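Please examine the structure shown below together with its sequence.

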Amino acid sequence: MFEHLQAYGGDPIFRLNEAFHADPRDRKVNLTIGLYYDEQGRLPLLDVARRAEEQWAAKGQPRGYLPIEGLASYRSAVQKLVFGADSKVLQEGRVATIQTLGGSGALKVGGDFLHEAYPNSEMWISDPAWDNHHSIFRGSGIPTHTYRYYDPATRGLDFTGLMEDISVLPEYSIVLLHPCCHNPTGADLSDEQWLQLIPVLQQRKLIPFLDMAYQGFGRSLDEDAFAVRAMVDAGLTFLLANSFSKNFSYYSERCGGLSVVCKSADEADRVLGQLKAVVRRIYSNPPSHGGQAIASVLSDESLLAEWAADVETMRQRIAAMRKHVHDRLKELAPQYDSSYFVKQQGMFCYTGLTKEQIQKLRDDFGVYVLESGRISVPGLNQSNVDYFAESLAAVVA
Ligand code: PMP
């Protein structure tokens, strides 16, 4: 019956990760997969999350279905986190928010919702992109294209190219944007650049879809949401996906949110109904375990402060590793411009290494970098960062 199907090629990132684990060398460094590791190279389980889970488990609650849209306390905590606790748009009831299966689930539900609301709209995604963006939205039936984003010459943002491409899109085109910590390049728009882009989105009647998977890993939880809040201030209608996979270290709990900012409370009610209709036909309702823990942490002032401090620790560790590589490279390869390590922000660094250099890093040094040249910075720690800088200096020499 299924003889005609092709074998699934697998995900290139997971494949490379497997190759790393199969590599018998003692000295090796894995910078492939986008996970936050601590200084000991472990995936953290945040103590504040563990305590919240234990407290909930101790209550011995039955496991009835959650509402289609998710836990009310979770949805409200998500709104305060992404829009700001005192946001006017929340007081006015103009945001429809649902609990989703991670950030990916938010993108999928948002894609299905948009394709139904605007069946002729197509989508523009940054070049380069997180590959799954194209797959998810095409899966929703939305044709996808790219807009210019990255300038290999500066290893930074091509803001002129981005503005030129976005300024000519047809009305009601969907534009996927990363508010912070762009995956894969680590190159972000500055606050001033957002303020230049927002009027263009508005004048051309475009539909922004913000994907915020790394809130707190760039500057701070609040500053990383600058674009979100600036769009609210400008009165835009837009979608926002957020994820707790990284900043709560809750990868397998599949916790995220989809928020749609609307013109009125009445519109938000109708949008919420349509989001529920989409969820109902895909997976009916979300799971409760991780969502319960997040809701109890985020709705308690002192637990929230503890979690925010944990996020800040993760953010600072990433920034410290970036600076360490930059400083070491300045000594080891002074002719090589390594400033991009500190100009880019968040988990990912786009090195611009050639295919040959990437191969040499793997073959000669056991340093695993994605084919695109992206490295996941939290794979570095005090015990391997010098080795990485030395290996990189050797291949760029
Ligand atoms: N968007 C971007 C840009 C991402 O990098 C990721 C995670 N790699 C996601 C969405 C998906 O997040 P989640 O794991 O929560 O589904």
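Y172 is located in the loop that joins α7 (159–166) to β7. The model is a predicted one, and in it the phi angle of Y172 is near 65°, a positive value in a residue other than glycine. Is Y172 buried, partly exposed or exposed? Y172 is partly exposed, because 15 other C-beta atoms lie within 10 Å.

A positive phi also occurs at R155, where the angle is about 50° although R155 is not a glycine. R155 belongs to the loop between β5 (150–151) and β6 (156–157). With 22 other C-beta atoms within 10 Å, R155 is buried; the threshold for that class is 20 or more.

Two peptide bonds call for attention next. The bond from D127 to P128 is cis, with omega near 5°, and P128 lies in the loop between β3 (123–127) and α6 (131–139). The bond from N183 to P184 is likewise cis, with omega near 15°. P184 is part of the loop between β7 (174–177) and α8 (191–203).

The packing of helices may be taken up with α3 and α11. The axes of helix α3 (residues 72–83) and helix α11 (residues 289–298) come within 9 Å and cross at roughly 55°; α3 and α11 are therefore oblique to each other. Their crossing is left-handed. On the α3 side the contact involves S73, Y74, A77 and L81, which meet G291, I294, A295 and L298 of α11. The residues of this contact comprise six nonpolar, two polar and no charged.

S76 also has its place in helix α3. S76 counts as partly exposed because 15 C-beta neighbours lie inside 10 Å. Although S76 and L16 are 60 residues apart along the chain, their C-alpha atoms are separated by 39 Å.

The axes of α12 and helix α15 (residues 385–396) come within 9 Å and cross at roughly 45°, which makes α12 oblique to α15. The crossing of α12 and α15 is right-handed. From α12 the contact draws on M321, H324, V325, R328, L329 and L332, and from α15 on V385, D386, F388, A389, E390, L392 and A393. These contact residues divide into nine nonpolar, one polar and three charged.

L303 is also placed in helix α12 (residues 301–332). What does L303 contact, leaving aside its neighbours within four places in sequence? The contacts of L303 are with V48 and V297. L303 and V48 are 255 residues apart along the chain, and their C-alpha atoms are separated by 6.8 Å. L303 is partly exposed, because 17 other C-beta atoms lie within 10 Å.

Definitions and conventions. Residues numbered from 1 in each chain as written. Predicted model: local features only at pLDDT ≥ 70, side-chain atom pairs only at ≥ 80, totals over all residues. Axes fitted to C-alpha atoms, helices over the stretch in contact; angles between N-to-C directions. Helix = DSSP H or I, 4+ residues; strand = E, 2+ residues; numbered from the N terminus. Parallel < 35°, antiparallel > 145°, perpendicular 65-115°, else oblique. Left-handed = near helix turned anticlockwise from the far one by under 90°. Contact = placed C-beta atoms within 7 Å. Nonpolar A, V, L, I, M, F, W, Y, C, P; charged D, E, K, R; others polar. Buried ≥ 20, exposed ≤ 12 C-beta atoms within 10 Å, placed from the backbone.
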